[in-house]
Amino acid sequence: MFCIKCGKTAVANNFCKECFLGSAHLFDLKDFEMHKCHGCGNFKEVSVQGQIEREIKTKNKITSCSVKTKKVGNRLVATVTCSGFVSPLRNTVTEDKKINITIKKFMCKKCIEISGGYYEAVIQVRGDKKDKLMNKLHKMLPQNAVTTVVPLKEGYDVRLRKRGYASTAVSYLRGRFEVKQSYKLVGEKKGKKIYRNFYAIR
Ligand SMILES: [Zn+2]
Ligand SMILES: [Zn+2]
């Protein structure tokens, strides 16, 4: 069999290796969009590399892929280099493609909660030891746990995004400080009652 295009020995689909690879592609990849949170900078999609791998269309076997990106305005210009086998050929071929990834802004759930002032628990710091207590809380709580600290005449209200942060901190303070626990019904979501926990500590 000879190549129907150039007459050399045919290896695949009536084409020689060069002519076959000239028309066949290892993979297809088109421009796409990604979403970056303007609060924390995380992508909604896993990662640039991860998303590229998802967007790659191929019927061939890809054995390796590398990505180089360059930021240009609101886009990433990505050079994607993949190696693999274009069936029925058995030698490895390498192909690269240049695509544009448009970066759109969005706000993730976590950042909406923080900016919206959403909180599930309040630690009410009271009494003579209030500043000592605030210091302890500051050391104990993760940085993004607190949404707001409300200064009051009688102390501080520390608002916490998740009740878990409050209960963990309070469990360390119990015994050395006086803790009074209560809760308030603050609303309903999908038929479920939402409570806010309060811990008065002095
Ligand atoms: Zn040919
Ligand atoms: Zn975010």
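Predicted model: local features only at pLDDT ≥ 70, side-chain atom pairs only at ≥ 80, totals over all residues.

Q: How many bridges join β8 to β9, and which way do they run?
A: Ten bridges, and the two strands run antiparallel. One pair to look at is K180, which stands opposite A200 in β9.

Q: Is β8 buried or in the open?
A: Largely in the open, because the number of buried residues among its eleven is zero.

Q: What's the strand order in the sheet of five?
A: The order is β6-β7-β5-β9-β8, in an open sheet with mixed pairing. β6 (146–152) and β8 (179–189) are at the edges with a single partner strand each, so each has one side without a neighbour in the sheet. On average, neighbouring strands in this sheet are turned by 20° against each other, ignoring direction.

Q: In what sense do β5 and β9 pair?
A: Parallel, over five bridges. A121 has N197 in β9 as its bridge partner.

Q: And which strands does α4 lie across?
A: β5, β7 and β9, and α4 runs at about 145° to β5.

Q: Switching to the inside: which residues touch the most other members of the largest nonpolar core?
A: I123, V158, L160 and A166, out of 15 residues in that core. The elements giving two or more residues are β5 (121–126), α4 (130–140), β7 (155–160), α5 (163–173) and β9 (192–201). β5 gives the most, with four residues.

Q: What does L160 touch?
A: Leaving out residues up to four places away in sequence, L160 touches Y119, E120, A121, I123, A145, V146, Y165 and A166. Apart from that core there is another one, of eight residues, and I52, A78, V80 and I101 are among them.

Q: Now the other sheet. What's the order of its four strands?
A: β1-β4-β3-β2, again an open sheet with mixed pairing. β1 (32–37) and β2 (61–72) are the edge strands, each with a single partner strand, so one side of each lacks a neighbour in the sheet. Neighbouring strands here are turned by 30° against each other on average, direction ignored.

Q: How many bridges join β2 to β3?
A: Eleven, with β2 and β3 (residues 75–85) running antiparallel. K70 stands opposite V77 in β3. Helix α2 (residues 48–55) packs on this sheet, where it touches β1, β2, β3 and β4 (93–106), and its direction makes about 130° with that of β2.

Q: Zooming out, what does the domain assignment give?
A: Domain 1 (27–109) and domain 2 (117–201). Their centres, taken over C-alpha atoms, are separated by 44 Å.

Q: What's the radius of gyration, then?
A: The protein has 29 Å, whereas a compact globule of 202 residues would have one near 17 Å. The C-alpha trace spans about 95 × 35 × 30 Å along its principal axes. Buried residues make up 14% of the 202.

Q: Last one: how many helices and strands?
A: Five helices and nine strands. Along the sequence the pattern reads α-β-α-β-β-β-α-β-α-β-β-α-β-β.

Key: Residues numbered from 1 in each chain as written. Chains lettered and ligands numbered in written order. Core = buried A, V, L, I, M, F, W, Y, C linked by C-beta atoms within 7 Å. Buried ≥ 20, exposed ≤ 12 C-beta atoms within 10 Å, placed from the backbone. Contact = placed C-beta atoms within 7 Å. Pairing = 2+ DSSP bridges. Axes fitted to C-alpha atoms, helices over the stretch in contact; angles between N-to-C directions. Rg over C-alpha atoms; globule rule 2.2 N^0.38 Å. Domains from an automatic or database assignment.
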